Amino acid sequence: MPATLTAVATFLCTVRDCHLPLVGEERRLVCARGHSYDVARSGYINLLQPQDRRSSKPGDTAAAVAARRRFLDRGFGAPLVEAIVEALPLTAADAVLDAGCGEGHHLAAIRDRFGCAAYGVDISVAAIDAAARRHPQVEWIVANADRFVPFADSSFHAVCSITARMNPPEFRRVLNDDGTLLVVLPAPDDLLELREGILGERVMRDRTAHAITEFSPLFSLRNRERISTVAHLDHGAIEDVMTSSYRALRHSERARMEAVSELKVTLSRDLLLFRCSE
Ligand SMILES: C[S@@+](CC[C@H](N)C(=O)[O-])C[C@H]1O[C@@H](n2cnc3c(N)ncnc32)[C@H](O)[C@@H]1O
Ligand SMILES: [Zn+2]
């Protein structure tokens, strides 16, 4: 392909044992066997099959999505975004996949920085709908990234998993041989002050060794980095980061959170950059 053209990934049908390419028609995608998927009003495509979800509304709730967006809109994620775009070796001719993309903040920033083709997959309709409404220049797909990742082999130059899904065989299949995998994990000291003060826990869990093992032997670690900042959070930001990070707070935990008007809080992420193994 000429370097000036942006790569376009081919969607695959998610009906079990079908997996044929999907071709775009007016407001829908169709495979040669006649399975069809409508494009939603906000522009996303729902490729999730009923057997690929465990509840009627899987993934992050609308409340968690809205809380994460408010938190990110206040700039608290900026150091991580900067590190992500610095780490990714992308050009305008490439295509990138974000698996478990949430409301789209990171992928939209990647798309804006490189001008590349961008595809975001999340199992939460609320997250993908919010992403599609704000960032129409990116393709947004509802699908289960733990199962079949609905793209043709070798579609992407980079796959990102930002505090999200880890599916080594599928990430390898959809990546080019010279592709890059970026995995971002909460670092051991992430939200330490809030976890201590509100949840009453002081666990410092390093998730990197587990991730490196999970992705081996298909992927080899090339680089790692920790991005840590201390942010002065007001009560609203504390509620938002807790709502978007933890499922449901117990009554006692919620009461402790209500009592905190402001706090200096550590925001900390481990970035792991992998290449496909030879
Ligand atoms: C902690 S959030 C991170 C969102 C986003 N990457 C970010 O950093 O803002 C995890 C996301 O994974 C999504 N998710 C959970 N299970 C999933 C699955 N099986 N397939 C795709 N997405 C999933 C959730 O809906 C949620 O949006
Ligand atoms: Zn099909």
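Ala, Val, Leu, Ile, Met, Phe, Trp, Tyr, Cys and Pro are counted here as nonpolar, Asp, Glu, Lys and Arg as charged, and the others, Gly among them, as polar. This is a predicted model, in which local features need pLDDT of at least 70 and side-chain atom pairs count only at pLDDT 80 or more, while totals for chains, interfaces and linings use all residues. Residues are numbered from 1 along each chain as its sequence is written, chains are lettered from A and ligands numbered from 1 in the order in which they are written, and side-chain values use heavy atoms, with hydrogens and water left out.

**Ligand 1**

Select ligand 1 and the residues near it (a residue is near if one of its heavy atoms lies within 4 Å). The shell has 17 residues, and Asp-60, Gly-100, Asp-122, Asn-144 and Ile-162 are the closest. By class, the shell has five nonpolar, seven polar and five charged residues.

Next, show the polar contacts (pairs of N or O atoms within 3.5 Å; within protein, one must be able to donate a hydrogen and the other to accept it, and residues adjacent in sequence count only if both atoms are side-chain atoms). From Ala-145, a polar backbone atom is 2.9 Å from a nitrogen atom of the ligand. Asp-146 places a polar side-chain atom 3.3 Å from a ligand nitrogen, and His-106 has one 3.3 Å from a ligand oxygen. On its own, ligand 1 has 600 Å² of accessible area, of which the protein covers 88% (Shrake-Rupley method, 1.4 Å probe; for residues, only the protein chains shown count as cover).

**Cavity and pocket**

Hide the ligand. On a 1 Å grid over the protein atoms alone, a cavity is a set of points where a 1.4 Å probe fits but cannot get out; a pocket is an open set with protein on both sides within 12 Å along at least five of seven lines, and lining residues have an atom within 4 Å of a point. Points are joined across faces, edges and corners, and a volume is the space filled by probe spheres set on them.

The whole structure has one cavity of 30 Å³ or more. To find the largest cavity, of about 40 Å³, select Thr-14, Leu-47, Leu-48, Asp-52, Ala-143, Asn-144, Arg-147 and Phe-148, which line it.

Move to the second largest pocket, with a volume of about 170 Å³. Among its 14 lining residues, Ser-56, Lys-57, Pro-58, Val-125 and Ala-126 are the closest to its centre.

**Backbone stops**

Select Ser-216 and Pro-217: the peptide bond between them is cis, with omega near 10°. Pro-217 sits in the loop between helix 7 (208-215) and strand 10 (219-234); helices (H or I, at least four residues) and strands (E, at least two) are DSSP runs, numbered from the N terminus.

End at Asp-17, in the segment before strand 1. Its phi is positive, near 65°.
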